[in-house]
Amino acid sequence: MTMAPDSFRQWYLARPIEGEFSPDNFEMRTLPHPPLRDGDALVRVRLLNLHPGARFRMQVGLVPVGTTDESNFAFGEVIASRNPVFSEGDMVACQAGWQDYAIIRSDAESIGYGPASEAVCDLNRTRSQWTYVMRPELVARWPLDTLKEVFGTSGMTAWFSLRACGPLEPGMNVAVAGMTGSVGHLVAQIAKAAGSRVVGFGGGPDRCRRISELIEVDCLDYRAPDFLDQLRAVFPDGIDIFSDGIGGPLTGAIAPMMKRGGRLLAYGCADDLHAGGNPGLRGMTLRQQFGISDSVEKIVAERDIRVECWIVHDFYHERIEAEDALDQLLREGAIKPVVTVVEGFEQLPYAIMALYDPKALSKVQAWF
Ligand SMILES: NC(=O)c1ccc[n+]([C@@H]2O[C@H](COP(=O)([O-])OP(=O)(O)OC[C@H]3O[C@@H](n4cnc5c(N)ncnc54)[C@H](OP(=O)(O)O)[C@@H]3O)[C@@H](O)[C@H]2O)c1
């Protein structure tokens, strides 16, 4: 059992992000631990999950200078507890700042995501959709990176989205945007395991080749001048299911290739986020943010295409069902999670920079 330390280390935003991220934007400090109050549990953070939202929050000032990003998804081990929900030795999913130890509480709501539903609160035994004890059998079976990637928000988004877009039938044509990314590479593998004919998209031949070799799904370079022709050649009858975490012009280009009665999973806006913007700040609805523009709406209406558009915590009360299904797929070898790992607490500023490095596939996880 790890001894509770007197102090913890924290990276904080020391200078505003202007243009590109740089290690100079961050500084590390050591702070004393406050004594644990009733209801507190002290977690030794083992992994921080860095994602486009983290970069965005820092870019637009949602993480004020002088503070750490407290909403970051994390995994950690409980090393001391004054809360009956958390026991020493538990592995917990939580939100933690960029720090090596964090205090969590079961009565604390999520940071930055609004309140959890009552059903989620009952399941998690906490007030946050993102704070719960990981099931010991999963912790015993899978390494940390798999736990976070597959049983965290990416795997959940992939699994619930395909369920919502289902039933998936063998031979269905499934196109997956952002297959070099965290959610997309899992969507592609789950659809393939169901017997669908899957083709994903990636940015550039090298990224396409690498992800394709790792997960054994064909990948088209969406930047190639003849990309749409290549896609038409692969799916001459059209697309049954389009999984799209990208939005923007890509959604507009693919929607006309969808079949009548097809299903469009619109779950993200990587096009905007990767360009340093966020349509949420422009007063758009979630549907608009995720690429369902007026012209896409017209196609959707004309062809009776079902659109699924939500934030994954809407389904977290059914998390156990998804965990069991994903666990089974992992055990069958049907899904191989891909993550980019940056090791060492000292490396955290480099981890956020690595997020959009073309060499990095999928999510960047910082381990320490
Ligand atoms: N609704 C929800 O609950 C939910 C849950 C999880 C994630 N999300 C959102 O879904 C999106 C994807 O999440 P993620 O975790 O998979 O992100 P990610 O790991 O950063 O992957 C996103 C992928 O998008 C691709 N991309 C970026 N700009 C593009 C463009 N202009 N055209 C085509 N592809 C582009 C990138 O591929 P290349 O580098 O190869 O171009 C990248 O691999 C994000 O917006 C995220 O916030 C939503």
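Q: In which hand does α5 pass α6?
A: In this predicted model, α5 passes α6 in a right-handed crossing.

Q: And what's the angle between α5 and α6, and how far apart are the axes?
A: Helix α5, residues 153-164, packs against helix α6, residues 182-193, at an angle of about 45 degrees, and their axes are 8 Å apart. That angle makes α5 oblique to α6.

Q: Which residues meet there?
A: From α5 the contact takes S154, G155, T157, A158, W159, S161 and L162, and these meet S182, V183, L186, V187, I190 and A191 of α6. Sorted by class, the contact of α5 with α6 has eight nonpolar residues, five polar ones and no charged ones.

Q: Is α6 mostly covered or mostly open?
A: Helix α6 is mostly covered, with eleven of its twelve residues buried. The buried residues of α6 are S182, V183, G184, H185, L186, V187, A188, Q189, I190, A191 and K192.

Q: What does the backbone do just after α6?
A: Just after α6 comes G195, which takes a positive phi of about 90 degrees.

Q: Switching to another pair, how do α4 and α13 cross?
A: The axes of helix α4, residues 144-151, and helix α13, residues 319-331, cross at roughly 130 degrees and come within 11 Å. That makes α4 oblique to α13, and α4 passes α13 in a right-handed crossing. On the α4 side the contact is made by T146, V150 and F151, and on the α13 side by E323, L326 and L330. By class, the residues of this contact of α4 with α13 divide into four nonpolar, one polar and one charged.

Q: What does V45 touch, leaving out residues up to four places away in sequence?
A: With those left out, V45 touches A74, G76, A96, Q99, D100, Y101 and A102.

Q: And how far is V45 from P115?
A: Their C-alpha atoms are separated by 24 Å, while V45 and P115 are 70 residues apart along the chain.

Key: Residues numbered from 1 in each chain as written. Predicted model: local features only at pLDDT ≥ 70, side-chain atom pairs only at ≥ 80, totals over all residues. Axes fitted to C-alpha atoms, helices over the stretch in contact; angles between N-to-C directions. Helix = DSSP H or I, 4+ residues; strand = E, 2+ residues; numbered from the N terminus. Parallel < 35°, antiparallel > 145°, perpendicular 65-115°, else oblique. Left-handed = near helix turned anticlockwise from the far one by under 90°. Contact = placed C-beta atoms within 7 Å. Nonpolar A, V, L, I, M, F, W, Y, C, P; charged D, E, K, R; others polar. Buried ≥ 20, exposed ≤ 12 C-beta atoms within 10 Å, placed from the backbone.
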